[in-house]
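Visitor: I'd like to learn to read a model like this one, feature by feature. Could you walk me through it?

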Amino acid sequence: MSGRVLVGVKRVIDYAVKIRVKPDNSGVVTDGVKHSMNPFCEIAVEEAVKLKEKKLIKEVVAVSCGPQQAQETIRTALAMGADRGIHVEVTGKDYDTLGPLQVSKILAALAKKEEAQLVILGKQAIDDDCNQTGQMTAALLDWPQGTFASEVALENDKVKVVREIDGGLETIKISTPAVLTADLRLNTPRYATLPNIMKAKKKKIANVKPADLGVELTSRMLGKYRGVTGKRKERATQQSRVEEWTILPNIHRTIL
Amino acid sequence: MAVLGPLSRIARIGSTFCRNRPLILTKSSQIRGIVSCIDPSHGLTDEQKEFQKVAFDFAANEMAPHMAEWDQKEIFPVETMRKAAQLGFGGIYVQPDVGGSGLSRLDTSIIFEALSTGCVSTTAYISIHNMCAWMIDTFGNNEQREKFCPDLCSMEKFASYCLTEPGSGSDAASLLTSAQKKGDHYILNGSKAFISGGGDTDVYVVMCRTGVKGPKGISCLVVEKGTPGLSFGKKEKKVGWNSQPTRAVIFEDCAVPVTNRLGEEGQGFNIAMKGLNGGRINIASCSLGAAHASVSLARDHMLVRKQFGEALANNQYLQFKLAEMATKLVTSRLLVREAAKALQENHPDAVSLCSMAKLFVTDECFNICNQALQMHGGYGYLKDYAVQQFVRDIRVHQILEGTNEVMRMIISRNLLAES
């Protein structure tokens with residue numbers, strides 16, 4: 001086994017930011033808004049780094065798909081202990097329609113190319129809450145999957161995963177290579193230390209285009225309308241300021 | 001942590017409520033997007049933003065939840081500071097070969113500003129500790145650096161800085177603590193006042209008189225706790241800075257090895273002044289963090305508190321006051337960062353710039369915090385609300401590290417000097 005772990009990290013709007021819907025209801029305002037690494041991705045990176053510290057794996061590679069700013073997220077992963085990064089450049093319209101299916105195709109291609117032993121992802125992203133990328137990646141690779149992991153233990157070429165499911169906790173043993181998705185209680189991500197942040201500057205981030213991986217990015221979904229719907233709008237004007245903050249916009253998508 | 005611009009919230013409220021009374025703010029924020037004008041990461045490099053993020057996260061998770069308790073129970077948070085040291089905050093501008101992080105003065109300012117939003121008093125102590133570690137790193141010989149710096153950078157041991165005496169505060173050069181050379185030891189006699197960390201710390205960087213009167217007769221000695229003849233006064237009861245103990249440090253025939261002297265005899269005052277330049281930037285940075293937190297608290301309160309049928313945020317006087325606070329905060333930040341850069345580059349006017357930064361920023365930030373307290377009304381006076389602790393904690397920044405009056409002395413001397 002190569003001893004290499006691929007960790008997917010996504011750049012999302014920071015969890016503490018109160019989001020705003022664009023005036024034309026086409027989406028959420030992202031310009032100038034504080035972004036950071038998806039909290040579940042942080043947990044995934046932490047788990048990978050922990051495995052490396054236990055000397056169970058040899059290399060942690062952080063991957064992110066998106067425009068130039070995705071490199072910030074990769075740098076954060078490097079500062080937490082990842083060894084190198086891969087930035088898959090996706091910009092413009094392709095980025096607007098980038099969803100779990102496209103990302104999982106990219107990750108599957110990279111996992112094969114890098115001969116990864118494990119692919120660890122966050123269970124879902126806090127902006128779209130899809131909870132699909134990990135599962136789709138495993139399906140495309142025809143690898144076993146250990147999702148909603150709250151405990152991961154590597155035993156030779158098998159992985160014991162304790163999963164948080166509706167009924168409680170489920171323990172499974174799957175063989176590697178495999179895809180794992182991190183749930184909240186898997187670990188507590190470390191703070192990057194000042195020396196590690198400085199070392200991260202010297203670590204390499206490779207630039208790759210989806211075409212280089214043979215991945216086609218056309219979306220099969222059409223985003224139609226995101227906004228506060230009629231009934232909710234009415235309610236909003238009557239409610240107090242404080243309560244208004246907690247109303248989330250309704251997102252409608254037409255799937256073709 | 002994310003700092004959401006004041007305009008965005010007002011804009012959201014405006015768009016739903018003020019159909020018949022459109023706020024001008026709504027339109028302009030839609031043009032500019034949600035960018036907070038007081039965001040402290042403006043103008044920073046990506047690496048500095050990473051440092052800042054770690055410091056903010058640490059402050060929010062490890063310090064802010066305990067800030068009130070540390071103040072009320074007067075707890076010296078040793079474990080939390082050691083956690084901070086593990087991240088590299090124990091010797092931020094100390095050389096890496098003895099365990100420091102080797103960062104610049106500007107990086108340091110950014111870090112202390114962020115940490116201060118969690119607890120001013122603890123951050124201020126960490127900055128004093130950093131200053132002592134830097135002094136030993138910069139002016140000590142290799143034996144001294146290797147003996148003291150690694151433990152200080154990891155905060156295995158804590159440091160205190162001893163310059164002020166009961167009889168010499170602003171007139172620091174008139175200090176009386178004497179150090180008589182006897183063989184291979186100095187015998188110290190005298191006392192120091194208002195020493196931060198005094199009694200709980202392990203390493204004391206002491207300015208004492210080895211020679212003639214005035215600045216040229218002062219030397220710098222490192223005294224370790226447990227040395228016979230070293231004792232401490234009672235713990236002072238203070239208005240703020242309660243998470244660090246303050247005591248008098250008393251020397252009675254205290255014998256300190258000559259090998260513990262930093263630099264040459266007579267170099268002490270020079271070392272002290274160089275240390276204070278950085279110390280002034282650090283203290284100003286701590287004031288900035290408190291002011292930033294206070295502006296955020298005031299803004300949040302204004303959006304929630306209602307009087308006369310509407311939120312305080314709709315009151316023009318308070319809107320203007322908040323704008324003034326934000327403007328003063330940003331100008332203060334720019335001045336501190338400029339001074340930090342000047343110090344890093346050994347600019348010929350670095351001393352004056354550091355003094356200007358300390359003078360302006362500590363005064364303005366105190367006013368900002370005070371105004372934020374006022375905007376909270378009666379609630380601002382309750383210890384349940386953090387704003388009063390920021391006010392109490394940064395009040396002393398206008399006094400120590402050189403009073404703001406002494407800062408004026410330094411600046412006017414620079415202006416009026418005959419080439």
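Visitor: Let's start with Val54(B): which helix is it in, and is it buried or exposed?

Guide: Val54(B) belongs to helix H3 of chain B, which runs over residues 46-63. Keep in mind that this is a predicted model. Val54(B) has a relative accessibility of 5%, so it counts as buried, the cut-off being under 20%.

Visitor: How far apart are Val54(B) and Phe320(B), in sequence and in space?

Guide: Along the sequence they are separated by 266 residues, and from C-alpha to C-alpha they are 33 Å apart.

Visitor: What about Arg145(B): where is it, and what does its side chain contact?

Guide: Look in helix H8 of chain B, residues 142-153. The side chain of Arg145(B) makes a polar contact with that of Asp137(B), at 2.7 Å. Arg145(B) counts as buried because its relative accessibility is 10%.

Visitor: Which residues does the cis peptide bond join?

Guide: Thr176(A) and Pro177(A), with omega at about 0°. To find Pro177(A), go to the loop of chain A between strand S9 (168-175) and strand S10 (178-182).

Visitor: And what is phi for Glu115(A)?

Guide: Near 50°, which is a positive value in a residue that isn't glycine. Glu115(A) sits in the chain A loop between helix H4 (100-113) and strand S6 (118-122). With 55% relative accessibility, Glu115(A) counts as exposed.

Visitor: What about phi for Phe308(B)?

Guide: Phe308(B) isn't a glycine either, yet its phi is positive, about 55°. Find it in chain B, in the loop between strand S9 (306-307) and strand S10 (310-311). Phe308(B) counts as exposed because its relative accessibility is 83%.

Visitor: On to cysteines. What is a disulfide, in general?

Guide: A disulfide is a covalent bond between the sulfur atoms of two cysteines.

Visitor: How many disulfides does the structure hold?

Guide: Zero, over all chains. Take Cys37(B), which is in no disulfide: the nearest cysteine sulfur belongs to Cys365(B) and is 15 Å away. The cut-off for a disulfide is within 2.5 Å. Cys37(B) is partly exposed, at 48% relative accessible area. Cys354(B) is in no disulfide either, the nearest cysteine sulfur being that of Cys286(B), 14 Å away. Cys354(B) is buried, with 0% relative accessible area.

Visitor: Which residues form the nonpolar patch on the surface?

Guide: Tyr379(B), Leu382(B) and Tyr385(B), which together have about 260 Å² of accessible area. Leu382(B) is in the chain B loop between helix H11 (350-375) and helix H12 (387-395). Its relative accessibility is 38%, so Leu382(B) counts as partly exposed.

Visitor: Last topic, domain annotations. What does UniProt list for residues 161-254 of chain B?

Guide: The unreviewed entry gives "domain: Acyl-CoA oxidase/dehydrogenase middle" for that span. In the model, residues 161-254 of chain B are 0% helix and 48% strand, with end C-alpha atoms 17 Å apart.

Visitor: And which annotation covers residues 266-416 of chain B?

Guide: According to UniProt (unreviewed entry), it is "domain: Acyl-CoA dehydrogenase/oxidase C-terminal". Residues 266-416 of chain B are 75% helix and 3% strand, and their end C-alpha atoms lie 27 Å apart.

Definitions and conventions:
Residues are numbered from 1 along each chain as its sequence is written. Chains are lettered from A and ligands numbered from 1 in the order in which they are written. This is a predicted model: local features need pLDDT of at least 70, side-chain atom pairs count only at pLDDT 80 or more; totals for chains, interfaces and linings use all residues. Side-chain values use heavy atoms; hydrogens and water are left out. Buried means under 20% relative accessible area, exposed over 50%, partly exposed in between (1.4 Å probe, protein chains only). Patches are made of residues with over 30% relative accessible area and no salt bridge: like charges are joined within 9 Å, nonpolar side chains (Val, Leu, Ile, Met, Phe, Trp, Tyr) within 5 Å. Accessible areas come from the Shrake-Rupley method with a 1.4 Å probe; for residues, only the protein chains shown count as cover. A salt bridge is a side-chain nitrogen of Lys or Arg within 4 Å of a carboxyl oxygen of Asp or Glu. Helices (H or I, at least four residues) and strands (E, at least two) are DSSP runs, numbered from the N terminus. UniProt positions are given in the numbering used here, feature names are shortened, and annotations may be inferred rather than shown by experiment. A polar contact is a pair of N or O atoms within 3.5 Å; within protein, one must be able to donate a hydrogen and the other to accept it, and residues adjacent in sequence count only if both atoms are side-chain atoms.
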